[in-house]
Amino acid sequence: MMLWIIAAAAAQAPAQPLEPSSRWALDASSAACIAQRSFGEGQVDVSVASPPLEKKVMVTIGLPVLVRAHVGDAVTLVFGPRGERVDGKAIQVAPHGAGKYDFGVETFIANLPKRVFETVGLEVRGKMRVNLHTGSMSAIVQAVERCQRDVLASYGVDPERNKNVTVPALLQDYVNLLAPWNYPPEAKKQRAEGRVAALVHVSAGGRVETCAPVETSGNKALDQGTCVLLVRMGRYTPARDALGVSIASDQVVAVRWTLPE
């Protein structure tokens with residue numbers, strides 16, 4: 001399961017952790033189950049998001065000043081009051097707009113403290129950048145996990161059949177595969193555009209064995225054409241289990257088709 005935390009914070013973490021200023025709100029789509037909450041007086045907006053069939057944890061924090069870090073740099077999440085530390089790596093440091101910058105951290109959900117914690121802080125190069133009084137996060141993480149299972153069930157997928165996946169399958173050459181020259185021909189004739197989410201079953205050899213649209217673009221030719229393309233040309237680095245053995249798995253692919261000008 002992948003977890004995203006998105007926050008907009010002051011340049012330096014306050015002496016005391018910021019308190020929540022709203023309740024958690026949960027939303028679901030093929031991209032992720034997202035729980036959102038604000039901290040401080042609108043200073044920090046936090047989202048906890050889990051895309052289907054992922055186990056990674058991503059923490060993305062939007063700061064009004066650029067953090068002195070580069071992609072791949074070591075960063076740390078600090079969980080209070082015990083001061084438990086979870087090391088991760090920076091996955092992005094980029095402008096977000098409105099004078100803010102997105103700072104992303106990657107680790108695994110299995111690394112999160114199993115015990116109750118009260119605060120979550122982000123430490124970069126030995127300096128605390130933001131600290132939030134989250135209280136126990138176990139309830140919201142469980143809610144996101146339930147949402148994730150519900151989304152998969154709505155697609156007709158039993159989460160148990162992917163329980164042995166440690167490293168998820170990765171679609172190769174995504175940019176070229178879904179480029180304008182591979183636009184579904186019938187949909188192109190109809191001048192159809194839109195976003196399609198498709199569920200694919202990937203073999204242990206990395207081939208797409210089956211594909212079914214799970215969120216429609218509103219155009220049948222675009223939905224079906226996306227699956228035809230993925231089955232015919234889609235190649236994956238297959239999923240692996242805890243021993244590193246390639247295994248079959250499911251993946252959700254989301255594509256936004258826009259006609260070339």
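Predicted model: local features only at pLDDT ≥ 70, side-chain atom pairs only at ≥ 80, totals over all residues.
Strand 3 covers residues 33–39. The strand is mostly covered: five of its seven residues are buried.

Strand 3 pairs with strand 2, residues 25–28. That pairing is antiparallel and has four bridges. Within it, Leu26 stands opposite Ala35 of strand 3. Strand 3 also runs antiparallel to strand 4, residues 44–50. Seven bridges join these two strands.

## Ser249

Ser249 lies in strand 17, which spans residues 249–257. Is Ser249 buried or exposed? Its relative accessible area is 2%, and buried means under 20%, so Ser249 is buried.

Which residues does Ser249 contact, leaving aside neighbours within four places in sequence? They are Asn162, Val165, Ala169, Val200, His201, Val202 and Ala239.

## Val93

Val93 belongs to strand 7, residues 84–97. Its relative accessibility is 23%. Buried needs under 20% and exposed needs over 50%, so Val93 counts as partly exposed.

Val93 and Ala69 are 24 residues apart along the chain. Their C-alpha atoms are separated by 7.1 Å. Ala69 is also among the residues that Val93 touches, not counting those up to four places away in sequence.

Note on methods:
Residues numbered from 1 in each chain as written. Heavy atoms only, no water. Buried < 20%, exposed > 50% of the residue type's maximum accessible area, 1.4 Å probe, protein only. Contact = heavy atoms within 4.5 Å. Pairing = 2+ DSSP bridges.
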